[in-house]
Amino acid sequence: MIAPILGTGECHVWWADPRHQTVEEMSEVLSEPELERAARFRRDPDRRRFLTGSWLLRTVTALQLGIRPEDVAVERKCSDCTRHHGKPHIRAAGPQLHVSVSHSGDRVAVALTTEGPLGVDVELVPSTPIDDLARCALTVRERSALESLPQAERYEAFARVWVRKEAALKATGHGLRISPDRVEVSGPEDGPELLSWPLDVPPAEVRYQTLDPGDGYVGVLAVLTGNRNLKVTESHMTGMRLVGAEPLLVAA
């Protein structure tokens with residue numbers, strides 16, 4: 001496998017397609033709680049997305065730590081229940097590795113950095129009316145900006161606003177336990193920026209980076225860091241090879 005080494009002041013985002021790995025290959029490195037959670041999904045696409053995210057997280061983290069994927073200590077705790085879900089945490093010696101996972105359609109993303117808590121989010125651009133979603137998820141100002149756009153442009157515009165909200169909330173670990181209409185971000189035609197939210201973290205400390213998940217998708221990374229020079233690199237997993245980033249580590 002070829003994978004980039006994570007350096008100081010860097011964040012790597014890895015992309016994978018859930019159709020490219022077999023369930024058997026991915027399951028070999030997962031923990032019992034992960035396999036049990038996967039088995040609860042009724043739809044095969046949902047199961048594959050979860051398996052791919054868990055497998056990719058273990059694979060790229062293992063390369064950073066110099067251990068086997070099955071030996072990566074992934075902890076998922078939920079503040080509301082005892083089930084094995086919620087924001088993943090890596091238990092390892094040395095600088096803390098902050099990680100985040102997201103998936104939608106045929107895109108799975110895993111982000112990793114030592115700079116600070118982070119959240120990654122990818123969404124398939126909706127193809128059905130988003131009026132009801134906009135009323136629930138957007139602030140008055142955001143809805144006004146969305147409604148000023150031609151109808152055909154609103155689908156992707158809504159998705160761009162949505163991923164900014166969710167990525168920031170994932171970075172803090174709150175996720176959608178905080179209603180997204182309490183989080184205000186910049187307009188879809190502007191660069192990503194957090195304007196306000198009901199948390200103690202100053203919005204200016206949320207560093208955004210727009211990602212490139214491919215046609216028909218939108219994605220963004222949010223990192224809680226004061227480093228305005230954070231370097232973000234995207235790599236794409238093809239089979240068992242990571243391509244598209246330098247420097248590279250060749251591993252067995």
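How many bridges join strand E3 to E4? Four bridges do so, and the two strands run antiparallel. Keep this pair in mind as you look at the close-ups below.

Before you start: this is a predicted model, in which local features need pLDDT of at least 70, side-chain atom pairs count only at pLDDT 80 or more, and totals for chains, interfaces and linings use all residues. Residues are numbered from 1 along each chain as its sequence is written, and side-chain values use heavy atoms, with hydrogens and water left out.

**View 1. Strands E3 and E4 lie side by side.** E3 covers residues 73-76, and E4 covers residues 88-91. Strands (E, at least two residues) and helices (H or I, at least four) are DSSP runs, numbered from the N terminus; two strands pair if DSSP finds at least two bridges between them. Find Glu75, which stands opposite His89 in E4. In a regular strand the side chains alternate between the two faces of the sheet. Buried means under 20% relative accessible area, exposed over 50%, and partly exposed in between (1.4 Å probe, protein chains only).

**View 2. Thr61 sits in helix H3.** This helix spans residues 44-65. With a relative accessible area of 0%, Thr61 is buried.

View 3. Of its 29 residues, Phe158, Trp197, Val206 and Tyr208 touch the most other members. Helix H4 (131-137), H6, strand E10 (206-211) and E11 each give two or more residues to this core. The largest share, ten residues, comes from H6.

View 4. Cys11 counts as buried because its relative accessibility is 0%, whereas Cys136 is exposed, at 55%. The model has zero disulfides, a disulfide being a pair of cysteine sulfur atoms within 2.5 Å.

Terms used: A nonpolar core is a set of buried Ala, Val, Leu, Ile, Met, Phe, Trp, Tyr and Cys residues joined through side-chain atoms within 4.5 Å.
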